[in-house]
Amino acid sequence: MNQYTFCAPCLFGLEGLVGEEARRLGFENVTVEDRRVFFTGDEHTLAKANLCLRMAERVMVLMGRFPVKSFEDLYQGVKAIAWGDYIPKDGVFPVKGYSLGSALHSVPDCQAIVKKATVDRMSQTYGITWFPETGATYQIRFSIMKDLCEVFLDTSGVSLHKRGWRAVGNDAPIHETMAAAMVNLSRYRGREFFWDPFCGSGTIVIEAALAALNRAPGLDRSFGAEAWSTIAPNVWQEERTAAMDREYRGNYEILGSDIDPQSLNIAIANAKKAGVSKYISFREGDATKLSLPTDKGIIVCNPPYGERMGEQNEAKRLYRDLGKHLRYADGWKKYIISSEADFEHYFGTPATKKRKLYNGRLQCNVYMYY
Ligand SMILES: C[S@@+](CC[C@H](N)C(=O)[O-])C[C@H]1O[C@@H](n2cnc3c(N)ncnc32)[C@H](O)[C@@H]1O
């Protein structure tokens with residue numbers, strides 16, 4: 001088995017949670033930085049991380065890290081990487097990357113240099129100068145930050161927030177990774193009543209069910225590195241089986257409700273595709289009027305933000321009505337994500353705790369009441 005250093009990028013604000021998750025999964029040398037978490041391990045770690053991490057966006061192998069002040073530095077740094085140990089003769093190896101606050105700011109030029117340096121190094125290994133690129137994909141990613149270049153091989157392929165169960169989306173589905181983070185913040189363990197009163201396409205309730213079951217979120221999808229010849233197929237099979245063996249069985253009380261019947265139909269289809277429909281019930285209703293399903297439980301939701309002017313006023317009205325409706329729901333812990341800076345004012349109660357994070361580019365807070 002080879003030893004690798006992995007990098008798992010994540011949404012801003014989720015690093016600490018991803019770090020804890022990586023430690024819980026048994027990964028070694030976990031370190032947390034802005035928007036990413038590093039850890040070490042072998043091919044089993046690679047497969048387990050892809051299958052099991054709920055809140056990371058992808059898993060990449062760190063191939064090199066070196067200072068760059070010139071294109072020559074970049075070329076030499078990338079050429080020093082033993083690409084032939086990873087990429088076979090017929091591998092497809094596209095290059096993506098970004099550069100921030102660095103002397104090398106032209107990303108297309110950097111991309112071309114990284115590609116050329118990789119080809120030149122592989123030419124030395126394989127003794128050919130033209131590569132057909134007809135086989136499996138080995139996506140190269142680079143980042144240049146303040147003149148420090150890092151080069152990675154992406155093992156995930158499609159981003160990890162795509163679990164494979166989303167039949168169709170509605171207008172504003174929350175990222176699965178963000179939904180999983182909110183469920184994690186609420187400390188839901190499958191014992192309490194769980195309710196998302198603005199469930200839309202069902203992302204939060206589906207992630208809650210997956211978490212309650214301890215079901216690996218990636219079981220129903222494939223990953224880029226599954227096609228790599230350098231990783232034996234039994235590694236993936238063993239990690240899939242081990243993940244399934246770690247699942248719990250139980251009866252969970254999870255409710256998703258929404259005012260829009262069309263969204264509910266989407267949520268029902270998604271829950272079915274995710275294999276969790278028997279754990280979730282769905283109901284049509286206005287969150288500001290629905291009677292509470294029990295006297296205690298956990299509410300996790302992302303009500304409409306209202307990104308345009310008219311909608312913003314509507315959203316504020318909704319927060320006010322929701323606050324009034326839930327004023328005496330003391331048995332319920334509430335975790336509400338919103339980009340509205342004055343959310344607590346409209347909701348009518350200061351949060352017990354707030355956590356700043358980014359839902360895509362939108363700065364939000366999870367307002368926690370417990
Ligand atoms: C931002 S979306 C939620 C997206 C959802 N988390 C998902 O992943 O698809 C907000 C949802 O709130 C619903 N909604 C708006 N006003 C509502 C109300 N008064 N009561 C219940 N649902 C409402 C909308 O129909 C929409 O589905």
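Which polar backbone atom is 3.1 Å from an oxygen atom of the ligand? It belongs to Ile174.

The model is predicted, so to speak of local features pLDDT must be at least 70, side-chain atom pairs count only at pLDDT 80 or more, and totals for chains, interfaces and linings use all residues. Residues are numbered from 1 along each chain as its sequence is written, and side-chain values use heavy atoms, with hydrogens and water left out.

View 1. An oxygen atom of the ligand lies 2.7 Å from an N or O atom in the side chain of Asp258. A nitrogen atom of the ligand is 2.8 Å from a polar backbone atom of Ala287. The protein covers 88% of the 600 Å² of accessible area that the ligand has on its own (Shrake-Rupley method, 1.4 Å probe; for residues, only the protein chains shown count as cover).

**View 2. The shell around the ligand.** The ligand has 20 residues around it, each with a heavy atom within 4 Å. Ser201, Thr203, Asp258, Ala287 and Asn302 come nearest. By class, the shell holds 10 nonpolar, 7 polar and 3 charged residues. Ala, Val, Leu, Ile, Met, Phe, Trp, Tyr, Cys and Pro count as nonpolar, Asp, Glu, Lys and Arg as charged, and the others, Gly among them, as polar.

View 3. The ligand takes up the space of the largest pocket. A pocket is an open set of points on a 1 Å grid over the protein atoms alone, where a 1.4 Å probe fits, with protein on both sides within 12 Å along at least five of seven lines. A molecule sits in a pocket if more than half of its atoms lie within 2 Å of its grid points.

View 4. Asn29 is found in strand β2 (residues 28–33). Helices (H or I, at least four residues) and strands (E, at least two) are DSSP runs, numbered from the N terminus. Phi of Asn29 is near 50°, a positive value in a residue other than glycine. Asn29 counts as exposed because its relative accessibility is 56%. Buried means under 20% relative accessible area, exposed over 50%, and partly exposed in between (1.4 Å probe, protein chains only). Lys146 sits in the loop between β6 (139–145) and β7 (148–154). Phi of Lys146 is near 45°, again positive in a residue other than glycine. At 72% relative accessibility, Lys146 is exposed.

View 5. Gly41 belongs to strand β3 (residues 36–41). With a relative accessible area of 7%, Gly41 is buried. Thr5 is 36 residues from Gly41 along the chain, yet their C-alpha atoms are separated by 6.7 Å. Tyr138 lies in the loop between α4 (107–126) and β6. Tyr138 is buried, at a relative accessible area of 0%.

View 6. Phe343 is placed in helix α10 (residues 343–347). Its relative accessible area is 0%, so Phe343 is buried. Phe343 and Leu11 are 332 residues apart in sequence and 22 Å apart in space, C-alpha to C-alpha. Asp321 lies in helix α9 (residues 309–325). Asp321 is partly exposed, with 34% relative accessible area. Tyr252 is 69 residues from Asp321 along the chain, and 29 Å separates their C-alpha atoms.

Conventions: Polar contact = N/O pair within 3.5 Å; in protein donor to acceptor, adjacent residues only side chain to side chain. 1 Å grid on protein atoms, 1.4 Å probe; cavity = no way out; pocket = protein on both sides within 12 Å on 5 of 7 lines; lining within 4 Å.
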